[in-house]
Amino acid sequence: MSLHTSHHEIEESAQRWVMRENEGLSGSERRELELWLKNREHQEVYEEQKKLIGECLDLDDEFIRELEEEAETPRQKSSFLALLVAACLVVFVGWGIKDYYFEPIFEQEYVSHHQKLLNIVLPDDSVIDLDIKSSLKIAYYKHKREVELLAGKALFSVEKEAKKPFIVRVGGAQIEVVGTKFEVANIENRLSVNVLEGVVMVKTEGRSVYQLGAAQAIAFDSHGEVQSFGAINTQKIADWKNDTLFFDKTTLGDAAAQFEYYTGKRIVFEDARVAHLKMSGKFSTSHFRGFLDSIELIHPVKIRQEEQTIKIVKK
């Protein structure tokens, strides 16, 4: 640097160094940075920019958009929030770091209708299995991996990358892992997370945080309230991959709802008490009649076929 280097130019150099350091420096680049940092002013500006960029990268895209909108409101210019906006926009807009970090390096959308999509291999060798009637969007960035599960069920086998968390957004919840294997279901705005391996963090809109380990599950109703949280039989996790449904003391109402999803058959109960009877067993989704026969065998009920509806009544 010459003696006439402006503070603005030093800031620009510091920002470039921070970007390059986040991506990983070679030995020669590291020595070059250390030499550059021997200048006290360079070091001070570098530390300021590193802190600022780190804080900005912690903001998600939606919050950044909100901040940008806030910055356009004159009455907010004097507020602390506006000062934060101004600082972030200097970094994001002035030097292009927003594009560098927040523009996807990989994007893809998958939709299944009547057939499962299995063994979807992602750029990091993570694998997704997608059930029928399911859809999701994938976006990989330089600092994180994101999936939005729009509907249905998916099994995630995530490759470990400590510096790039794998985030699944579904409904009002966010599931974050580094490397693990877990299932997420989003059916009629009801969410469940079932962990096969590793550790999963589930964060809700209400900012509650739940940590799940192997063979644990959590389920939320359509209002975001926890329905269940605890151990799960791992045979139930992604049983749909093998065209089976595994029931473990499952109510007839819940079992029937799962078969409705796969067969399109409408099942109704004449008596609500019958719907609360329980059953266990492993059933094929392609042998619906076998499921109905089992209900009649286990419980004092009769199955009546009425046009497009199957009615389950007490004997």
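**Strands, charges and confidence**

Mentor: F269 stands opposite I312 in β18. This is a predicted model: local features need pLDDT of at least 70, side-chain atom pairs count only at pLDDT 80 or more, and totals for chains, interfaces and linings use all residues. Residues are numbered from 1 along each chain as its sequence is written, and side-chain values use heavy atoms, leaving out hydrogens and water.

Trainee: What makes β15 and β18 a pair?

Mentor: Two strands (DSSP runs of E, at least two residues, numbered from the N terminus) pair if DSSP finds at least two bridges between them. β15 and β18 (residues 309-314) share four bridges, in the parallel sense. Four meets the cut-off, so they pair.

Trainee: Which strands make up the open sheet, and in what order?

Mentor: Three strands, ordered β15-β18-β17, with mixed pairing. From one strand to the next, the twist averages 25°.

Trainee: Which helix lies across these strands?

Mentor: Helix α9 (residues 288-298) lies across β15, β17 and β18. A helix here is a DSSP run of H or I, at least four residues. α9 runs at about 140° to β17, on a scale from 0 to 180 degrees between N-to-C directions of axes fitted to C-alpha atoms, for helices over the stretch in contact (heavy atoms within 4.5 Å).

Trainee: Why is the link between K144 and E146 called a salt bridge?

Mentor: The term needs a side-chain nitrogen of Lys or Arg within 4 Å of a carboxyl oxygen of Asp or Glu. The closest N and O atoms of K144 and E146 are 3.1 Å apart, so the pair qualifies. The whole structure holds 13 salt bridges.

Trainee: Are K144 and E146 buried or exposed?

Mentor: Buried means under 20% relative accessible area, exposed over 50%, partly exposed in between (1.4 Å probe, protein chains only). K144 has 8%, so K144 is buried. E146 has 12%, so E146 is buried too.

Trainee: What about D271 and R273, which meet at 2.9 Å, N to O?

Mentor: They form a salt bridge. D271, at 18%, counts as buried, whereas R273, at 62%, counts as exposed.

Trainee: Where in the chain is confidence lowest?

Mentor: In helix α5 (residues 80-94), at a mean pLDDT of 50 (the predictor's confidence in each residue, from 0 to 100). Strand β3 (residues 127-130) is highest, at 98. Residues 74-82 fall below 50, with seven contacts beyond near neighbours in sequence. Where pLDDT is low, the predicted coordinates should not be read in detail.
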